[in-house]
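Have the picture in view as you read.

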Amino acid sequence: QVQLVQVGGGLVQAGGSLRLSCAASGRTSSIAFMGWFRQIPGKEREFVATISWTGRRTRYADSVKGRFTISRDNAKNAVYLLMNSLKPEDTAVYSCAADRTTYYGAYIPFMEYEFDYWGQGTQVTVSS
């Protein structure tokens, strides 16, 4: 089992920045990828970014590319999402997730069903 605990989030003005953290514990050796998703009430969960457990490979949704940066800290078993140039449409509940699957080739997961473990979610609100 893997446990994911998130820290961060809150209220920020448009154009501002926030950093979300996600600490993994338990069988972290089984993790291959970590990702961030977000969800607005009444809508489906949306992919934001994924990073390989080694930190060498990343993937971003087009809507956040160039503004958000996903990174990880091997020593702390943590993954971060730095969000810059925030927009009101970035307002959502953000959740981190862990995927145990090792994929062939250069594939980087981004579908919700590909992830096995989830953090508790944290609210990010961007005011205009």
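A salt bridge is a side-chain nitrogen of Lys or Arg within 4 Å of a carboxyl oxygen of Asp or Glu. This is a predicted model, where local features need pLDDT of at least 70 and side-chain atom pairs count only at pLDDT 80 or more, while totals for chains, interfaces and linings use all residues. Residues are numbered from 1 along each chain as its sequence is written, and side-chain values use heavy atoms, leaving out hydrogens and water.

Q: What makes Asp116 and Arg100 a salt bridge?
A: The closest N and O atoms of Asp116 and Arg100 are 3.4 Å apart, and the cut-off is within 4 Å, so the pair qualifies. Asp116 and Arg100 both sit in the loop between E9 and E10, 16 residues apart.

Q: Why is Asp116 called partly exposed?
A: Buried means under 20% relative accessible area, exposed means over 50%, and partly exposed lies in between (1.4 Å probe, protein chains only). Asp116 has 32%, so it is partly exposed. Arg100, with 46%, is partly exposed too.

Q: Why is the disulfide of Cys22 and Cys96 called right-handed?
A: The torsion about its S-S bond is about 60°, so the disulfide is right-handed.

Q: How do you know that Cys22 and Cys96 are buried?
A: Cys22 has 0% relative accessibility, so it counts as buried. Cys96, at 1%, counts as buried as well.

Q: Which residues touch the most other members of the largest nonpolar core?
A: A nonpolar core is a set of buried Ala, Val, Leu, Ile, Met, Phe, Trp, Tyr and Cys residues joined through side-chain atoms within 4.5 Å. Of the 34 residues in the largest one, Leu4, Met34, Trp36, Leu81, Met83 and Tyr94 touch the most other members. E9 gives the most to this core, with 5 residues.

Notes
Helices (H or I, at least four residues) and strands (E, at least two) are DSSP runs, numbered from the N terminus. A disulfide is a pair of cysteine sulfur atoms within 2.5 Å.
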